[in-house]
Amino acid sequence: MTIDFVTRALADVVFTPFWLDRDDVSDLEPPHAGKTDAELLIVGGGFTGLWAAIQAKEADPVRDVVLIEAETIASGASGRPGGILSTSIMHGLANAERVFPDDLERLEALGRANLHGFRDTLERHRVDADIEWTGEMTVAIGKGGVGVLDEEEALHRRFNYDVVRLDRDDVQAELRSPLFEAGLWSKRDSGTVHPGKLIFGLKRMALQLGVRLFEKTPLVKIEDTGATLRAIAPNGEFHARGILLATNAFAAGHPHIRRRVAMIRDRILMTDPLSAEQLARIGWRNRQGIYDTRTQLNYMRLTSDNRILFGGRLGVFRNAPRDPAFDRTQRPYRRLAEAFQRTFPQLDDVRFSHAWSGPIALTTRMAVHFQRYFGGRVIYAGGYSGFGITASRFGAAVGLKLIDQTAVPETTMAFAATLPRRIPPEPLRYLGSTITMHALDTADEKGGWRLPWLKLIERMGFPLS
Ligand SMILES: Cc1cc2nc3c(=O)[nH]c(=O)nc-3n(C[C@H](O)[C@H](O)[C@H](O)COP(=O)(O)OP(=O)(O)OC[C@H]3O[C@@H](n4cnc5c(N)ncnc54)[C@H](O)[C@@H]3O)c2cc1C
């Protein structure tokens, strides 16, 4: 009996994020107990929380900053991304044009300044996160995908991105796949990173700057005591002047956050390191981060030891569980492995070493927004919708300005001053998402009712095509 590619390739997979499967993941900080005063309390130890802590301390070294994390640093989305870096703070230029057409110029300038600050901080603190500034490339799948690239190219040229348009032969010379019809390679200010090395570098930096950090310390509830805010955790409480909720898709900190933030999951497969001969079968000498134009988008990149990360298979779970057991079985990864095989049929002998999923905070804007509670002394900053490695630094910076009530132009711009639309509550949310995921999955092959359904969801504010 011959065993098919998917079964063989998934045979030895472990269900752990590759980025965290390392011996040198840092020691745990102790959980909190007792009563603690803090000027600023940050809730959530992902990129947003750590960037907020670092920027608060760099701006004012004597400021008393405490960060609490429910589980361990990087246990949310930040330990699980594809690791493609981008300049955009609004989920790409096309999304920024969709949601804030009047602010596009300023948002682009803010994105570039943010990326500059991101690079500068990592260099100053000598964080080695395997960053490769190799650019990002969108590859067109089918003739429809070529039209998507036309629009993207025009937009990128308008903002003076260093883009190269590739026809079928050119794109095949970059990365060989029978599916790729064309490409658009944006060469500057983007690339790939090892998110695990990045986040533990940020943790080290925060501790060195004097941030007090408690892991295994979930925020349970916030109460207003007048002069301060009381944040209750299982073994004690914090009294703080301001609280930044960097809880992303978990939407913890206030029951209303979830009205505008939905948690979906995205899944990733990582191969074993490719041999030089295997790599030669696909090319990829310039090692770009890659997205394709499929309705259920796939993204891919190389690691420093030449593994292929292949991601992009959404899933929904009722009531947003933290670590769904289903995603620690092979089943949800089989379709992703099939997509890998269609993309790189010449790699029929590779094996997958790791498979994992992570939470995505989805909003109708697909970009960071800010919710204000307790008279603006508690700010939720999140909702990057799957595009947050560099944008989280920006989200953290704006969140801090809002808490401190510092007047800067950003805080009056629409992205910070207004909110994304509400999303229907459960059980409608789960039902609608399940139908949408199925439609996304099969729209390209089967069409039919799926296309009007996806249009309807788009009219609700979610850009799907
Ligand atoms: C599969 C996947 C692929 C992705 N790929 C990319 C990519 O290639 N490029 C890119 O730019 N972005 C990507 N992203 C998005 C990016 O990872 C996120 O936008 C970013 O990590 C968000 O950081 P965060 O700190 O806001 O959220 P998180 O990292 O989710 O942090 C939130 C933290 O809050 C903690 N928390 C929750 N509740 C409580 C509580 N009650 N008390 C205390 N702490 C609490 C959680 O444990 C968690 O650690 C991807 C995301 C996923 C899931």
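Which residues make a nonpolar surface patch of about 400 Å²? I looked that up before anything else.

**Entry: ground rules**

I am working with a predicted model, where local features need pLDDT of at least 70, side-chain atom pairs count only at pLDDT 80 or more, and totals for chains, interfaces and linings use all residues. Residues are numbered from 1 along each chain as its sequence is written, and side-chain values use heavy atoms, with hydrogens and water left out.

**Entry: the patch**

I found that L428, L431, I435 and W449 make the nonpolar patch. Patches are made of residues with over 30% relative accessible area and no salt bridge; like charges are joined within 9 Å, and nonpolar side chains (Val, Leu, Ile, Met, Phe, Trp, Tyr) within 5 Å. The accessible areas come from the Shrake-Rupley method with a 1.4 Å probe, and for residues only the protein chains shown count as cover.

Helices (H or I, at least four residues) and strands (E, at least two) are DSSP runs, numbered from the N terminus. L431 has a relative accessible area of 52%, so I noted it as exposed. My cut-offs are under 20% relative accessible area for buried, over 50% for exposed, and partly exposed in between (1.4 Å probe, protein chains only).

**Entry: aromatic rings**

How many aromatic pairs does a search of the whole structure find? I got 14. Rings of Phe, Tyr and Trp (its six-membered ring) pair if their centres lie within 6.5 Å; planes under 30 degrees apart count as stacked, over 60 as edge-to-face and the rest as tilted.

I started with F5 and F340, a stacked pair at 6.3 Å centre to centre and 5 degrees between the planes. F5 belongs to helix α1 (residues 5–10) and F340 to helix α9 (residues 331–343), so this pair ties together parts 335 residues apart in sequence. I then checked burial: F5 counts as buried at 7% relative accessibility, and F340 counts as buried at 1%.

F340 also pairs with F352, this time edge-to-face, at 5.2 Å centre to centre and 80 degrees between the planes. That pair links helix α9 with strand β16 (residues 352–362), and its two residues are 12 apart. F352 is buried too, with a relative accessible area of 2%. Stepping back, I saw that F5, W284, F310, F340, F344 and F352 form one aromatic cluster.

**Entry: charges and rings**

I noted two arginines here. The charged end of R119 sits over the ring of W133, 4.1 Å from its centre, and that of R393 sits over the ring of W51, 5.6 Å from its centre. The rule asks for NZ of Lys or CZ of Arg within 6 Å of the ring centre and within 35 degrees of the ring normal.

**Entry: salt bridges**

Side chains of opposite charge can pair when their charged atoms come close. I counted 33 salt bridges, each a side-chain nitrogen of Lys or Arg within 4 Å of a carboxyl oxygen of Asp or Glu.

E132 bridges to R287, with the closest N and O atoms 2.8 Å apart. The two lie 155 residues apart, E132 in the loop between α4 (104–124) and β4 (136–141), R287 in the loop between α8 and β13 (289–292). E132 counts as buried at 18% relative accessibility, and R287 counts as buried at 18%.

E215 and K203 form another bridge, with the closest N and O atoms 2.8 Å apart. I found E215 buried at 1% and K203 buried at 3%. I also jotted down a network of salt bridges linking D150, E153, R157 and R165.

**Entry: the backbone**

Most residues other than glycine have a negative phi, and most peptide bonds are trans. Which peptide bond did I write down as cis? The bond from E426 to P427 is cis, with omega near 0 degrees, and P427 lies in the loop between α12 (414–417) and α13.

N306 is not a glycine, yet its phi is positive, about 60 degrees; I placed N306 in the loop between β14 (299–302) and β15 (308–311). A320 is not a glycine either and has a positive phi of about 45 degrees. A320 sits in the loop between β15 and α9, and is buried at 19% relative accessible area.
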